[in-house]
Amino acid sequence: MTAVFQNFDIYPTYMDGVHARARLADYRDVLQELLDDRFVALHMLQPVLDGTGGSFAVGGDARSQRAWADAHGLAKDATPEAILLAQIEASGADIFYNMDPLRFGSDFVRKLPGSVKKAIAWRAAPSPGADFAAYDLIVCNFESILQSYRESGWNAAWFYPAFDPVMADYRQADRAVDIVFVGSYSRHHRNRAQVIEALAKLQDRRSVRIHLQQSRMTRLAGTPLGLLPPLRGHRLPRPVAKVARPPVFGRGLYAAFGGAKIVLNGAIDMSGNDRGNMRCWEALGCGALMLSDAGTYPPGMEDGVTMSSYRDVDDMLDQLDRLLDDEDRRRSIADAGAAMIADRYSKSRQWEDFVRLL
């Protein structure tokens, strides 16, 4: 039986909330809170998710890692690297699947205990200057990024997130919200920023919810300091600032998508023509119609059949009106997308394909 140790990279702000809810009574409470809230469920392999053949950690989270180290007698000055290595050794896992390879790169892999037979890294973003040479394989679902890894002389293969069955519990028959957008916002994401600005202006005639994860500079620009010239360019446009809501994660995101007719998606600028960010799996899994920018999508995500795509902002606005005015077509595409994602990208199939890659 293959045993997997999976290491995650999770927003510090999200982990702050996890710690507040778990109250750090026990290291296991923190992990259970992560499992319960489903924030990383799409990437969590089936044996890790159900506890039948795997374990996991958030190696970059100092508080939870220190709690584990204290419980297992590690020195007070043990580094994050030393703690994670000790966890992997204690787990007895023979596969290390790392979602945080920038922090734990090749130097870390070369120190793995001898019981580990394969080291796999997920990295779905350009990584100039990174060293992944010691990994047996690097995976993600963006072919152009995989090709850049191959050009560096590394083994790379296409892999994907998977449908979380809990999503089905959040699908509402009566979807009260017309359009939801959830995602990051900064001035460096110009294409996405234009989409968000256009969406915000629909607020007077459509039910719109925009949940933004703002960059540090954008958050600062929203304070009185934003009047200063260095920050002025980072301020949210006025229509967006009026309607922007706090970010949502995990079950909160499922609830937002499960109650929406349409989830609007937009790739960030670095993705080129490749498409397939996490919103795709989340929107389709929660039964909303996904309207996303045109590009090359993963198999099964087909324009006009299981999702809809737009060419530019004007086309996006036209399609939003057409889809919201034609309920039968919207429901038909949304239902087809939900059925496709649950079947083609199931947890069991994700695990089978991971084992096949090994």
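Predicted model: local features only at pLDDT ≥ 70, side-chain atom pairs only at ≥ 80, totals over all residues.

Me: How many aromatic pairs does the structure hold?

Reply: There are 21 aromatic pairs. Trp-158 and Tyr-160 make one of them: the ring centres are 5.7 Å apart and the planes sit at 40°, so this pair counts as tilted.

Me: What about Tyr-170 and Tyr-254, how are their planes set?

Reply: Those planes are at 70°, with the centres 5.8 Å apart, so the pair is edge-to-face. Tyr-170 is in the loop between strand 6 (156-158) and strand 7 (177-185), while Tyr-254 belongs to helix 12 (residues 250-258). That makes it a link between distant parts of the chain, 84 residues apart. Tyr-254 is buried too, with a relative accessible area of 1%.

Me: Which residues do ring pairs link into a cluster?

Reply: Tyr-97, Trp-158, Phe-159, Tyr-160, Trp-281, Tyr-345, Trp-351 and Phe-354. So both rings of the tilted pair belong to that cluster.

Me: OK, switching topic. How many helices and strands are there in the protein?

Reply: 16 helices and 12 strands.

Me: Take helix 7. Which of its residues are buried?

Reply: Helix 7 spans residues 143-151, and its buried residues are Ile-145, Leu-146 and Tyr-149. Looking down the helix axis, they fall within an arc of 100°, so they line one face of helix 7.

Me: Why would spacing like that put side chains on one side?

Reply: An α-helix has 3.6 residues a turn, so residues three or four places apart point the same way.

Me: What do the buried residues of helix 7 pack against?

Reply: Strand 5 (137-140) and strand 6. Just after helix 7 comes Gly-153, which takes a positive phi of about 90°.

Me: Now charges. How many salt bridges does the structure hold?

Reply: 21 salt bridges. Asp-164 with Arg-38 is one of them, with the closest N and O atoms 2.8 Å apart. Asp-164 sits in the loop between strand 6 and strand 7, and Arg-38 in the loop between helix 2 (27-37) and helix 3 (46-50), 126 residues apart.

Me: Are those two buried or exposed?

Reply: Asp-164 and Arg-38 are both buried. Asp-107 and Arg-110 also form a salt bridge, at 3.3 Å between the closest N and O atoms. There Asp-107 is exposed at 54% relative accessibility, and Arg-110 is exposed at 53%.

Me: What does Arg-275 form a salt bridge with?

Reply: With Asp-293, the closest N and O atoms being 3.3 Å apart. Arg-275 lies in the loop between strand 10 (260-264) and helix 13 (278-285), and Asp-293 in strand 11 (residues 289-293), so the pair ties together parts 18 residues apart in sequence. Arg-275 and Asp-293 are both buried.

Me: And which residues are linked in a network of salt bridges?

Reply: Arg-205, Arg-206, Asp-321 and Asp-325.

Me: How many disulfides does the count come to?

Reply: The count is 0 disulfides. Among the cysteines, Cys-280 is buried at 0% relative accessibility, and Cys-286 is buried at 0% as well.

Me: Last one: what share of the residues is buried?

Reply: 53% of the 358 residues. The protein exposes about 16100 Å², and carbon and sulfur atoms supply 49% of that.

Note on methods. Residues numbered from 1 in each chain as written. Heavy atoms only, no water. Phe/Tyr/Trp six-rings, centres within 6.5 Å; stacked < 30°, edge-to-face > 60°. Helix = DSSP H or I, 4+ residues; strand = E, 2+ residues; numbered from the N terminus. Buried < 20%, exposed > 50% of the residue type's maximum accessible area, 1.4 Å probe, protein only. Disulfide = S-S within 2.5 Å. Areas by Shrake-Rupley, 256 points an atom, 1.4 Å probe, with all protein chains shown as cover. Arc of directions from axis to C-beta. Contact = heavy atoms within 4.5 Å. Salt bridge = Lys/Arg side-chain N within 4 Å of Asp/Glu carboxyl O.
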